[in-house]
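Please look over the sequence and the three-dimensional model before reading on. The report below describes the sheet, the helices and the core in turn.

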Amino acid sequence: MATVIRLTRMGRKKKPFYRIVVTDSRKRRDGGWIESLGIYNPIANPVVVKINKERLEYWKGVGAKMSERVATLSKQ
């Protein structure tokens with residue numbers, strides 16, 4: 001199974017926030033996920049990014065690939 005670390009959209013119309021999740025790469029963006037690693041809220045002032053770095057490193061260690069956006073957020 002190919003796993004990927006990416007964002008899944010939550011919230012309501014025009015007020016999105018995102019969960020950073022580990023999922024099967026074949027699932028839809030908002031489909032089921034294996035584990036939630038954190039949150040990203042671009043609407044809040046200042047922008048909120050909370051990531052469980054320990055679990056992120058674990059999933060990267062077992063071969064999960066990060067999306068471009070999650071890679072950018074994890075560097076902050």
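## Sheet, helices and core

Strand β3 (residues 35-41) pairs with β4 in the antiparallel sense, over four bridges, where two strands count as paired if DSSP finds at least two bridges between them. Within this pairing, Asn41 has Val48 of β4 as its bridge partner. This is a predicted model, in which local features need pLDDT of at least 70 and side-chain atom pairs count only at pLDDT 80 or more, while totals for chains, interfaces and linings use all residues. Residues are numbered from 1 along each chain as its sequence is written, and side-chain values use heavy atoms, with hydrogens and water left out.

The two strands belong to an open sheet of five strands, with mixed pairing and the order β4-β3-β2-β1-β5. β4 (48-51) and β5 (65-66) stand at the edges with a single partner strand each, so one side of each is left without a neighbour in the sheet.

Along the sequence the pattern is β-β-β-β-α-β-α, where helices (H or I, at least four residues) and strands (E, at least two) are DSSP runs numbered from the N terminus. The radius of gyration of the chain is 12 Å, close to the 11 Å that the globule rule gives for 76 residues, so the chain is as compact as a globular protein of that length; the radius is taken over C-alpha atoms, and the rule is 2.2 Å times the number of residues to the power 0.38.

Both helices are set out below; their angles run from 0 to 180 degrees between N-to-C directions, with axes fitted to C-alpha atoms, for helices over the stretch in contact, and contact means heavy atoms within 4.5 Å.

| Helix | Lies across | Angle |
|---|---|---|
| α1 (residues 53-61) | β1 (3-12), β2 (15-24), β3, β4 and β5 | about 125 degrees to β3 |
| α2 (residues 68-75) | β1, β2, β3, β4 and β5 | about 85 degrees to β1 |

Buried residues make up 33% of the 76 residues in the chain, buried meaning under 20% relative accessible area with a 1.4 Å probe, protein chains only. The largest nonpolar core has 13 residues, of which Ile5, Leu7, Ile20, Leu37 and Trp59 touch the most other members; such a core is a set of buried Ala, Val, Leu, Ile, Met, Phe, Trp, Tyr and Cys residues joined through side-chain atoms within 4.5 Å. Two or more residues of this core come from each of β1, β2, β3, α1 and α2, and β2 gives the most, with three residues. Leaving aside its neighbours within four places in sequence, Leu7 is in contact with residues including Ile20, Tyr40, Val70 and Leu73.

Definitions and conventions. Buried means under 20% relative accessible area, exposed over 50%, partly exposed in between (1.4 Å probe, protein chains only).
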